[in-house]
Amino acid sequence: MCGIVAALSHHDVVPFLIEGLRRLEYRGYDSAGLATLTGQHLQRFRAVGRVKELEEASAGHAAPLGIAHTRWATHGAVTQDNAHPHRSERDGRSVCVVHNGIIENHAELREALRERGYVFASQTDTEVVAHLVHEARGRTASLAEAVRMARAQLRGAYALGIVCSDDPRTLVVARQAAPLMLGLTAHQQSVFVASDASALVSQTQTLVYLEDGDQAVITQVSESSPVVVRIEDMQGAALVRESTTTSLTHDDVDLGPYAHYMQKEMAEQPGAVAATLETVVGAGSLAPGLFGSEAEGLFPQVQRVLILACGTSYHSGLVARYWLEDIAGLPTSVEIASEYRYRKSVAEPGTLVITISQSGETADTLAALEHAKAQGQQLTLSICNVPESSLIRASRLRFLTRAGPEIGVASTKAFTTQLAALYLLTLVLAKVRGVLSPGAEAEAIQSLRHLPAALASVLTAEPEFQAWAAEFVEKEHALFLGRGIHSPIAMEGALKLKEISYIHAEAYAAGELKHGPLALVDANMPIVAVAPNDQLAEKLRSNLEEVRARGGVLYVVADQGAGIEPSDGVRVIELGDHAGALSPILHVVPLQMLAYHVALARGHDVDKPRNLAKSVTVE
Ligand code: F6R
C-alpha cells in the first residue's frame, strides 16, 4: 500500500512524478505529495484526495530532482499534515522523506527526538525518519552516511526516498522489506525510482531491483554530467546488482479502451488464463518441473497440504481444497494467513505449505510463510503473480500466474489464474502419487485447452448481468449461495459485491441456510445462487425452493440443464454446459460482472473503493 516515485534527471521530473503517482494510485489514494530540489531549494506540495489534486497544487512547477508519494493511511488520519513527503527543517537545513511500510519503533524514536528538540507536525511514523536523517546530516558531511545512521535506528519495513537541501543533485533511496526498484536510461540522462515497475515502464524497461538492506545513492556532479548510481550495503560498501529488462510494457498498465481497470481485467481473463497455462497445453503431459527445479525431488514427499492466503487468494485456496482432496487424494487445510501466523499449530512432516498471493507482498501471507518455516515446514510453494515479489523469493517452489499487472483493487484475473495454477498443481501431485491415469491426464489437459474460450463465452453474457445490477442498486444486503466446490465461489461473489458496491453481502453453503440465515430472507433480500449442473444440483434446487417460499428474490447463475427455470421472483442466466472440475473458474466471472455493474450503478469509484488499497503490505 502507498506508492513511491522519485527521479533525478537532466530534464524536468515533475511530469514523471505525477504520471508515476497516477500509475501507483491504486496502491493508496487518500492523499499525495511531492518534494523537489532545485540547487538547494527544497519545495513541497501536498494534497488530500487523488493525484489530480496534487497535479493542480503543483501546476507550472518544474525541477530536475524530486520524490513523490501516494498514501494509504496507517498512522494518523487522512489530512494534509499526514501526507508525505514529511519534512524536518531546522538550522537552515531541510530534509524531505517519502516512505512505504511501517516503522515499528516510531513511538520511542519520536519521544527521544522530542527530547532533543524536534517538533512533530504529523501523527505519522514516517516523520521520525525525516528528523533522524536531519539530525545525522548535522554530524556527517554526506547524505548517504546520514541515511545509514538513521536507518541503524529503525525497526520495521520501509522503502524510502530522501532529499536534503544541503545536498544538491543527490537522491538517496533505501529498501528494507518493502519493494523498491531503479529505472535506468541510455546515456545516463535520468535515473527513476519506484516502488512498483508499472510506474517506470513509460520511461524505461531496464530495471534494477534493490534487495533488502540496499541503499542507492543517485547523484550528478554538475547539471550537465551523467546521473550515476551507487548501490551500497548498510556499511556503505559498494554492491553490484544486475539490471533486468522487464517484459512489462506501457500498454500492459494502460487503461486502453476500457472505462475502468476492473472492466479491463475481467475482459483479460481468457488471455491471462491462456498465458498461465501456455507451457502446459502445448505439451502432451504434465511434469513437476512446472513448479520449480526442486519440485521433482520434493513432490513425492508430500502427504498433505496447508494453504495460507488472504481475501480473494484465500478463496482460491478453498476451491483448491476440493480438487486436492478429490483428485489427488491429499488431505488439505486452508487458513487465513493473518490467523495462522499467530496460532500455535502442529507442524506435520510431509506438509506442502502453499502460499497464494497476487502481489506477493501481502504482509500477513509473508509472515504466515515465515511462521510455517520457523515451525520446521520445509516444503514451501508460492503461487504468485509478481515475479520479483518477496513471496516468490521466500519459497522453495514457485509458480507464476501470468495475469499481467492487476491494478483494480477488486481482484479478478488474479483469482481465475490462481485457480488455473492450483488445478495444474492438483493434476501434477495426483500424477506423482500415481492416482491420475494417462487417460484422465489427457482429458484434463484437453479441458484446460478449452478454458480460455469458455471464459470468453461467459463474458458475452455481461449485458444480462448489467440488467440484474439495476435491481440491486437500492439494496442494503445480499446473500450468496453455493454448494460444494462452488461455495467458495459464493464467498468470492459476496466479497466482490461488498468491497466495491458497499452492499453488505454474506455467503453461505446453501445447505446451511435453515440453520440460521433463512431468518434473514424476505422480499428485500436478493439471493444470488451459483447453480452448476453437478451432483449437488438437486440439493441446491431444494435449498432455493426454501428461499423462494420465504419471498426472497433469486438471481441464479446456472449451467444449462441445471433444472432451474425462470419464474416470478426467480431470475436465471444460463451459462454453457457444466465444465466439470473447472466449473468454479467459469462461475465466478458472472459474480465479478454483477459486482462491477452494481458498483457503477451506485456511482462508486470501482477501481478505488473507499478505505481499501491494492497490496496490503502492512499488518
Ligand atoms: C479482494 C482483494 C483482496 C486480496 C487480498 C490478498 O478483491 O483483492 O482480498 O485478495 O488482499 O492480496 P494478495 O493476493 O495480493 O496477497
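**View 1. Arg-321 and Tyr-322 form a charge-over-ring contact in this predicted model.** The charged end of Arg-321 lies over the Tyr-322 ring, 5.8 Å from its centre.

**View 2. Trp-323 and Tyr-423 meet as an aromatic pair.** Seven aromatic pairs turn up in a search of the whole structure. The ring centres of Trp-323 and Tyr-423 are 5.1 Å apart. Their planes stand at 65 degrees, over the 60-degree cut-off, so the pair is edge-to-face. Trp-323 belongs to helix H9 (residues 311-326) and Tyr-423 to helix H13 (residues 413-432). The pair thus joins distant parts of the chain, 100 residues apart. Both residues are buried.

**View 3. Phe-291 and Phe-299 make a tilted pair.** Centre to centre, the distance is 5.9 Å, with 50 degrees between the planes. Both Phe-291 and Phe-299 are buried.

**View 4. Five strands build an open sheet.** The order is S21-S20-S22-S23-S24, and the pairing is parallel. S21 and S24 (570-574) each have a single partner strand, so one side of each lacks a neighbour in the sheet. From one strand to the next, the twist averages 20 degrees. Helix H18 (residues 583-601) lies across S20, S22 and S23, at about 155 degrees to S22.

**View 5. S20, helix H16 and S21 form a right-handed β-α-β unit.** H16 spans residues 487-501. Six bridges join S20 (residues 477-482) to S21 (residues 504-509). Among the facing residues, Ala-478 stands opposite Ala-505, and Phe-480 has Ala-507 as its bridge partner.

Definitions and conventions:
Residues numbered from 1 in each chain as written. Predicted model: local features only at pLDDT ≥ 70, side-chain atom pairs only at ≥ 80, totals over all residues. Heavy atoms only, no water. Pairing = 2+ DSSP bridges. Helix = DSSP H or I, 4+ residues; strand = E, 2+ residues; numbered from the N terminus. Right-handed = clockwise from strand over helix to strand, strands pointing away. Axes fitted to C-alpha atoms, helices over the stretch in contact; angles between N-to-C directions. Contact = heavy atoms within 4.5 Å. Phe/Tyr/Trp six-rings, centres within 6.5 Å; stacked < 30°, edge-to-face > 60°. Buried < 20%, exposed > 50% of the residue type's maximum accessible area, 1.4 Å probe, protein only. Lys NZ or Arg CZ within 6 Å of the ring centre and 35° of its normal.
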